[in-house]
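Work through these exercises with the sequence and the 3D view side by side. Try each task before you read its solution.

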Amino acid sequence: MSNSLLISCEQAKLICDKNQYGEASIMEIIKLNIRLLYCKVTRAYSKRNNKLTTAIRKSNVQVIESAKKEEMKTQLRKELAK
């Protein structure tokens, strides 16, 4: 196995994060999969990362628009100033 295929734990974490967003290259994914075969720490990180991604996708989070958020801040400041 070539040394170019072996990556550090930190590199594996970065690739794992990129992979979650579909931004990892094929070569990065291969390197990550090799690391996952022998590194318990990387496997645990990858597992937690997958759980987090799944939870966020299922959460149905709704975001407040910036204009509405500013309006709410203004109203709160007015109420606090009374």
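**Exercise 1. Describe the nonpolar surface patch formed by Leu-6, Leu-37 and Tyr-38.**

Solution. Step 1: take the area. Together, Leu-6, Leu-37 and Tyr-38 have about 330 Å² of accessible area. Accessible areas come from the Shrake-Rupley method with a 1.4 Å probe, and for residues only the protein chains shown count as cover.

Step 1: recall the rule. Patches are made of residues with over 30% relative accessible area and no salt bridge; like charges are joined within 9 Å, and nonpolar side chains (Val, Leu, Ile, Met, Phe, Trp, Tyr) within 5 Å.

Step 2: place the residues. Tyr-38 sits in helix 2, which covers residues 26–38. Leu-6 belongs to the segment before helix 1. Helices (H or I, at least four residues) and strands (E, at least two) are DSSP runs, numbered from the N terminus.

Step 3: classify them. Buried means under 20% relative accessible area, exposed over 50%, and partly exposed in between (1.4 Å probe, protein chains only). Tyr-38 has 44%, so Tyr-38 is partly exposed. Leu-6 has 39%, so Leu-6 is partly exposed too.

A note on the model: it is predicted, so local features need pLDDT of at least 70 and side-chain atom pairs count only at pLDDT 80 or more, while totals for chains, interfaces and linings use all residues. Residues are numbered from 1 along each chain as its sequence is written, and side-chain values use heavy atoms, with hydrogens and water left out.

**Exercise 2. Describe how helix 1 packs against helix 2 and against helix 3.**

Solution. Step 1: know what to look for. Two packed helices are described by the angle between their axes and the distance between the axes. Axes are lines fitted to C-alpha atoms, for helices over the stretch in contact, and angles run from 0 to 180 degrees between N-to-C directions.

Step 1: take helix 2. Helix 1 (residues 9–20) meets helix 2 at about 125 degrees, and their axes are 9 Å apart. Helix 1 is therefore oblique to helix 2. The cut-offs: angles under 35 degrees count as roughly parallel, over 145 as roughly antiparallel, 65 to 115 as roughly perpendicular and the rest as oblique.

Step 2: take helix 3. Helix 3 spans residues 40–58, and helix 1 packs on it at about 25 degrees with the axes 10 Å apart. That makes helix 1 roughly parallel to helix 3.

Step 3: find the handedness. A crossing is left-handed if the near helix is turned anticlockwise from the far one by less than a right angle, and right-handed if clockwise. Helix 1 passes helix 2 in a left-handed crossing. With helix 3, the crossing is right-handed.

**Exercise 3. How many salt bridges are there, and which residue pairs with Lys-18?**

Solution. Step 1: state the rule. A salt bridge is a side-chain nitrogen of Lys or Arg within 4 Å of a carboxyl oxygen of Asp or Glu. Side chains of opposite charge can pair when their charged atoms come close.

Step 1: count. The rule gives 5 salt bridges.

Step 2: look inside helix 1. Glu-10 and Lys-13 form a salt bridge at 3.8 Å, N to O. They lie 3 residues apart in helix 1, about one turn of the helix. Glu-10 is exposed at 57% relative accessibility. Lys-13 is partly exposed at 23%.

Step 3: look between helices. Lys-18 pairs with Glu-28, and their closest N and O atoms are 2.7 Å apart. Glu-28 is in helix 2 and Lys-18 in helix 1, so this pair ties together parts 10 residues apart in sequence. Lys-18 is partly exposed at 25% relative accessibility.

Step 4: Glu-79 and Lys-82 form a salt bridge at 3.2 Å, N to O. Lys-82 is exposed at 74% relative accessibility.

**Exercise 4. Is Ala-24 buried or exposed?**

Solution. Step 1: locate Ala-24. It lies in the loop between helix 1 and helix 2. Step 2: use its relative accessible area. The value is 15%, so Ala-24 is buried.
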